[in-house]
Structures are given as structure tokens and as C-alpha cells.
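Colleague: I have a few questions about the terms you use. Please show me the model first.

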Amino acid sequence: MFSFLKGNSISTTELQQILDSKPIVLDVREKTEFASGHIPNAKNTPLSKISTYQSKENQPVYVICQSGMRSRQAVKKLKAKGIDAINVKGGMSAWRGAVRGGKL
């Protein structure tokens, strides 16, 4: 049902390669999921609150969740608000980089 043009998603490997440039990474999982482990410097805005998200900088926002389903929904909502949002395919399930948290 979703139609995404090229450029609207990247792999977790591609995201890992650009982390040094300090991109905006938005994790749309619930707070408990975020606390159980997330990408360093990611900001947590659960999907249920994504409509309140305001981008402070004029740069792409990389959106991640657990598997990629919620992040796709979030990207659609953010794009409707005029935010340059990019889905991270595979989500945290596919993430092999550094993780913060996980001390529940």
C-alpha cells in the first residue's frame, strides 16, 4: 500500500556510515523499547506522538523503529508536515552498530 520513491529509505549500514556527521535520528518506538537500547544520540518520539514533532534544523530526519513498520508510518506523517524524513529499513532488528541503554 505504501509507495516510496528511491531516496526515501536507507539501510542500517548506510545510516551507520553517516553517523559521524551527526544526522538527526528519530526513534519512534515506545519509551520502554527505546530505553532497552537505541542508537547513540537518537531522539525518542513515539509514533503516537509523531504529529507533535517539530524539526529544529533544515536537514533530513532519519526515522527508525524496531522492524521498519512504524518508521514508515512516521515518515509518511512527517513528510505531510514538510519534513525531509527518511525511513531506516529493517529498524533496530537489523542494526549492528553501537547501542546506548539496555539497562532495564
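Colleague: Which residue is the bridge partner of Val 63 in E5?

Modeller: In E5, that partner is Asn 87. This is a predicted model, where local features need pLDDT of at least 70, side-chain atom pairs count only at pLDDT 80 or more, and totals for chains, interfaces and linings use all residues. Residues are numbered from 1 along each chain as its sequence is written, and side-chain values use heavy atoms, leaving out hydrogens and water.

Colleague: How do you know that E4 and E5 pair?

Modeller: Two strands pair if DSSP finds at least two bridges between them. Strand E5 (residues 85-89) has three bridges to E4, so they pair, and they run parallel. E4 also pairs with strand E2 (residues 24-27), in the parallel sense, over four bridges. There, Leu 26 stands opposite Val 63.

Colleague: Which way do the residues of E4 point, and are they buried or exposed?

Modeller: Val 61 and Val 63 point one way, Tyr 62 and Ile 64 the other, and all are buried. Buried means under 20% relative accessible area, exposed over 50%, partly exposed in between (1.4 Å probe, protein chains only). Buried residues make up 39% of the 104 in the protein.

Colleague: Why does the radius of gyration agree with a compact globule?

Modeller: The radius is taken over C-alpha atoms, and the globule rule is 2.2 Å times the number of residues to the power 0.38. For 104 residues a compact globule would have a value near 13 Å; the protein has 12 Å, so the two agree.

Methods. Helices (H or I, at least four residues) and strands (E, at least two) are DSSP runs, numbered from the N terminus.
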